[in-house]
Amino acid sequence: MIHMRDVWVNWFEGEENSYNVSEFFEWKKHDRIELIDQIVVVKVHSNLIEYIENTLQELPEGLLSDVYKQSYLRQKSERKPTEYCFIATDGSRAIIVDTIGYHTPIRKSRMVPRQEEQLRLLVEDLPFQDYYMDYLDCEKEYHLLSPEPQLMNGLVRREKQLKQLLFMALDQLYEEAELAELRYWYTEWIPAKYADIQLMGFDDVWTSLFNDVKSGWSPRHEEFCHALIKGQPFFEKLWALQNEEETTKKMKNKSI
C-alpha cells in the first residue's frame with residue numbers, strides 16, 4: 001500500500017451526495033479543516049468512486065480490510081491510527097474518507113489541488129484494486145430532500161445550500177398545504193398565470209410549480225425561497241446561516 005503525508009482535509013459529515021462535498025475553492029474559514037499526518041491511498045475503478053461519493057452505505061469488506069489502521073492523525077506530539085481512513089482515486093479524481101470507526105463513508109473531503117496533482121503522479125503506474133460489491137451498480141433514487149445532481153450543476157456552494165432549503169420548504173408545503181395555499185405560492189412564482197392556476201387541481205399545481213422552480217438558481221429563486229420560509233424558525237435559522245457570510249461581505253464593501 002502507498003501513503004501520502006501531511007494531507008489537508010475539510011470534512012463534510014453525513015453527506016450522501018457528491019455536490020455537498022465542496023471543492024477546495026469553496027472551503028470556508030469555519031469549516032472543519034484538519035491535517036492528516038499519514039493516509040493510505042487506494043486506486044479503484046470509477047464506479048466505486050461514484051458509489052463512495054454518492055452514498056452512506058457500507059463499503060466493500062476488502063477495501064476496509066486493506067486500509068485498516070493504515071492512516072494516522074497527529075494529536076499534539078502523538079500519532080494515532082484511525083480505523084478506516086483513506087484516499088480513493090481512479091487516477092483522475094479523488095475522494096478522502098473517514099468512517100470514524102463504522103463501515104460507511106461518514107466523513108468525506110476533497111483534496112487541495114496541489115496535493116491532488118501529487119496523488120495523480122503517485123498512482124499513475126499503479127494497477128487498480130478490484131473490490132467486489134454486488135450492489136455497486138444499483139441505481140440511486142433521488143427525491144426532494146436528496147435532489148438529482150443535475151439540478152445542482154453550475155451552482156456554487158451557497159446556491160446549492162439555499163436550493164436544498166427551498167426544496168425542504170417545498171416538501172413541507174406539499175405535505176401540509178391546502179389547495180388554496182398551494183395556488184397562492186404558485187401565483188407568487190408566476191403571477192401572469194393567475195387565472196389558469198385558479199382552475200388547476202392540487203397535483204397539477206404542485207407538479208407545475210416544482211417543474212418551474214427546479215432548474216437553475218437566480219435572484220428570483222432566492223426571493224421566492226425567502227418568502228416561502230418566512231415565519232418558520234427552523235428554516236429561517238438555516239437561511240441566516242447560509243447568508244451570514246454574504247451579509248458580512250456586503251458590509252465590508254460598504255465600508256470601503
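**Overview. Salt bridges in the predicted model: the count comes to 15.** A salt bridge here is a side-chain nitrogen of Lys or Arg within 4 Å of a carboxyl oxygen of Asp or Glu. This is a predicted model, so local features need pLDDT of at least 70 and side-chain atom pairs count only at pLDDT 80 or more, while totals for chains, interfaces and linings use all residues. Residues are numbered from 1 along each chain as its sequence is written, and side-chain values use heavy atoms, with hydrogens and water left out.

**Close-up A. Arg 5 and Asp 37 pair up in a salt bridge.** Their closest N and O atoms sit 3.4 Å apart. Arg 5 belongs to strand 1 (residues 2-10) and Asp 37 to strand 3 (residues 33-43), so this pair ties together parts 32 residues apart in sequence. Strands are DSSP runs of E with at least two residues, helices are runs of H or I with at least four, and both are numbered from the N terminus. Asp 37 is buried, with a relative accessible area of 5%, whereas Arg 5 is partly exposed at 48%. (Buried means under 20% relative accessible area, exposed over 50%, and partly exposed in between, using a 1.4 Å probe and protein chains only.)

**Close-up B. Glu 13 meets Arg 32.** Here the side chains form a salt bridge at 3.5 Å, N to O. Glu 13 is in strand 2 (residues 12-13) and Arg 32 is in the loop between strand 2 and strand 3, so to speak a link between distant parts of the chain, 19 residues apart. Glu 13 counts as partly exposed at 46% relative accessibility, and Arg 32 is partly exposed too, at 44%.

**Close-up C. Arg 93 reaches Glu 53 in a salt bridge.** The closest N and O atoms are 3.0 Å apart. Arg 93 lies in the loop between strand 6 (85-89) and strand 7 (94-98), with Glu 53 in helix 1 (residues 46-53), so the pair joins parts 40 residues apart in sequence. Arg 93 is partly exposed, at 26% relative accessible area, while Glu 53 is buried at 6%. Both belong to one network of salt bridges with shared partners, along with Glu 23, Glu 50, Asp 90 and Arg 110.

**Close-up D. Strand 4 and strand 5 make a hairpin.** Strand 4 (residues 71-75) and strand 5 (residues 78-82) run antiparallel, joined by five bridges; two strands pair if DSSP finds at least two bridges between them. Arg 74 has Arg 79 of strand 5 as its bridge partner. Two residues separate the strands, and Lys 76 in the turn has a positive phi of about 60°.
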